[in-house]
Amino acid sequence: MKSNTASARLVTNSLHTEYFSTGWMAFEFLVGLYSGLKAGSILLIAFGLDSFLEIISGSTLIWRLRKEANGAPSAEIKRSEQRSSLIVGTILLLLAVYVVFVSVTNLVTHQAADASTSGIAIAIASVILMPILMLRKRALGKALHSPALIEDGMCNITCAYMAGTVLVGALLTALFGWWWADSIAALVLVYFIASEGWEAFQTGRGKD
């Protein structure tokens, strides 16, 4: 009885964490995308689009946790995780291609991004919040023996890397007038996007 109660409590805590995380990602998506479009910053646009993908990832994990809470078979849970990983991985890889294309175009045309106070603010908040969410999801994932929950926490760390890259690009542009900083930083960002996308894609195909 105690074991079942403890497991149920872990699932409930995990659900609450995912609800908060997904809600924050929705806010981050709206602010990041709006700020990026307004400032003409490919970094902020990519940051916002990645947040949207994490909404999909978080929503799928909520679905998976609710299945466990309702006693669904483990095979059914595994299939849903793989399907979601395949979709998210494919979208992330396409996002990486998009970032490369727009960044190279901006470099060729000397297109510079404007400053965005709201974009910088949301990036700072993400740099602080994302590692906290990652640590909590890792602890809960280990306790539940859920690799999916641990992997979702790693998505938060990728988001923190992306937010840090946004800050570097914005500061270099604002302080030194380096018009190319936003595009170069975005190309660095492709590494994190593509790495996360490829890992998710491989997981979705059932490969280690």
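1. Val188 lies in helix α6; helices are DSSP runs of H or I, at least four residues, numbered from the N terminus. Val188 counts as partly exposed because its relative accessibility is 45% (buried is under 20% relative accessible area, exposed over 50%, partly exposed in between, with a 1.4 Å probe and protein chains only).

2. This is a predicted model: local features need pLDDT of at least 70, side-chain atom pairs count only at pLDDT 80 or more, and totals for chains, interfaces and linings use all residues. Residues are numbered from 1 along each chain as its sequence is written, and side-chain values use heavy atoms, without hydrogens and water.

3. The largest nonpolar core has 33 residues (buried Ala, Val, Leu, Ile, Met, Phe, Trp, Tyr and Cys joined through side-chain atoms within 4.5 Å). Phe47, Val99, Met130 and Ile193 touch the most other members. Helices α1, α2 (42-69), α3 (74-109), α4 (117-144), α5 and α6 each supply at least two residues of this core. The largest share, seven residues, comes from α2.

4. A second, separate core has nine residues, among them Leu15, Leu61, Leu140 and Leu149.

5. Which residues does Val99 contact, leaving aside neighbours within four places in sequence? They are Ala46, Ala186, Val190 and Ile193; contact means heavy atoms within 4.5 Å.

6. Thr22 sits in helix α1 (residues 2-39). Thr22 is buried, at 11% relative accessible area. A polar atom of its side chain lies 2.8 Å from the backbone oxygen of Glu18. Beyond neighbours within four places in sequence, Thr22 is in contact with Ile55, Gly58, Ser59 and Ile62.

Terms used:
A polar contact is a pair of N or O atoms within 3.5 Å; within protein, one must be able to donate a hydrogen and the other to accept it, and residues adjacent in sequence count only if both atoms are side-chain atoms.
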